[in-house]
Amino acid sequence: GEGNNGTFNGNASYSSTDRALVFDGTGDYMRSGILSNMSGDKAVSYSLWIKANELRNTMIVALGEFGVYETSKTGGVFMVSNGTLYNTVMGNGIQVTGAITTGTWIHIVATKIPGGSGTTTQTLYVNGVKPTQSNWGTAGTSLSLDDPVITLGASPTVSQRFNGSISQFKLYDTVLTAEEVKTLYDMGR
């Protein structure tokens with residue numbers, strides 16, 4: 001009702017059998033409208049279930065302007081080929097090694113409070129718990145979203161594409177507590 005509906009691009013589709021968005025990693029993604037209430041360096045959390053078909057350097061969720069991929073303008077969750085999961089503010093943030101495997105549904109929650117990046121302002125939860133995390137990059141950059149959009153299944157420039165499925169994506173304008181994260185996980189897909 002707020003005009004934030006996503007649009008499918010490329011071969012992105014919805015599977016009613018899996019109740020999930022499906023991406024084949026070859027140019028498909030989903031993008032929302034502008035989220036005017038998310039501008040600036042705000043508290044933000046997002047929750048989703050993913051099932052990766054392969055572990056590659058890819059973006060799963062991106063908050064940021066279409067076509068803008070510069071310092072402090074983009075934040076998101078991405079993984080790399082060894083299954084490491086990152087919660088980033090444009091190249092700075094936190095990482096959880098070995099968090100992603102193929103062929104299994106995994107619940108991820110990423111949180112960010114205003115004022116910088118790294119373990120003091122960001123948290124990742126995997127399957128309802130907070131695993132060991134460490135800083136990645138140079139912690140300190142703040143997220144500064146101007147008229148942000150959400151991209152699922154690719155980076156804002158659609159150069160890093162996800163091969164797998166995404167289910168139950170939820171965006172919050174607050175930082176979820178550990179108890180709230182556990183509740184989301186316990187609710188299942």
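Predicted model: local features only at pLDDT ≥ 70, side-chain atom pairs only at ≥ 80, totals over all residues.

Glutamine 95 has its place in strand E9, which covers residues 92-96.

**Surroundings of glutamine 95**

- Glutamine 95 has a relative accessible area of 17%, and because burial requires a value under 20%, the residue counts as buried.
- The side chain of glutamine 95 makes a polar contact of 3.4 Å with the side chain of tyrosine 86.
- When residues up to four places away in sequence are left out, glutamine 95 touches Thr84, Leu85, Tyr86, Thr132, Gln133, Ser134, Asn135 and Trp136.

**The six-stranded sheet**

- Six strands form an open sheet in the order E2-E3-E14-E5-E10-E11, and their pairing is antiparallel.
- The edges are taken by strand E2 (13-15) and strand E11 (122-126); each has a single partner strand, so one side of each is left without a neighbour in the sheet.
- On average, and with direction ignored, neighbouring strands of this sheet are turned by 30° against each other.
- Seven bridges pair strand E5 (residues 44-52) with strand E14 (residues 163-172) in the antiparallel sense.
- Lysine 51 is placed opposite serine 165 of E14.
- E10 and E11 run antiparallel and are joined by five bridges.
- Threonine 111 is placed opposite threonine 123 of E11.

- Five of the five residues of E11 are buried, and the strand is described as mostly covered.
- Helix H1 (residues 178-187) lies across E5, strand E10 (106-112), E11 and E14, and runs at about 155° to E10.

**Aromatic pairs and a charge over a ring**

- A search of the whole structure finds three aromatic pairs, among them the pair of tyrosine 46 and phenylalanine 169.
- The ring centres of tyrosine 46 and phenylalanine 169 are 6.2 Å apart and the planes stand at 40°, so this pair is tilted.
- Tyrosine 46 belongs to strand E5 and phenylalanine 169 to strand E14, so the pair ties together parts that are 123 residues apart in sequence.
- Tyrosine 46 is buried, with a relative accessible area of 3%, whereas phenylalanine 169 counts as partly exposed at 24% relative accessibility.
- The rings of tryptophan 49 and tyrosine 185 have centres 5.7 Å apart and planes at 25°; since planes under 30 degrees apart count as stacked, this pair is stacked.
- Tryptophan 49 in strand E5 and tyrosine 185 in helix H1 are 136 residues apart, and their pair links distant parts of the chain.
- Tryptophan 49 counts as buried at 8% relative accessibility, whereas tyrosine 185 counts as partly exposed at 28%.
- The charged end of arginine 189 sits over the ring of tryptophan 105, at 3.8 Å from the ring centre.

Conventions
Residues numbered from 1 in each chain as written. Heavy atoms only, no water. Pairing = 2+ DSSP bridges. Helix = DSSP H or I, 4+ residues; strand = E, 2+ residues; numbered from the N terminus. Axes fitted to C-alpha atoms, helices over the stretch in contact; angles between N-to-C directions. Contact = heavy atoms within 4.5 Å. Buried < 20%, exposed > 50% of the residue type's maximum accessible area, 1.4 Å probe, protein only. Polar contact = N/O pair within 3.5 Å; in protein donor to acceptor, adjacent residues only side chain to side chain. Phe/Tyr/Trp six-rings, centres within 6.5 Å; stacked < 30°, edge-to-face > 60°. Lys NZ or Arg CZ within 6 Å of the ring centre and 35° of its normal.
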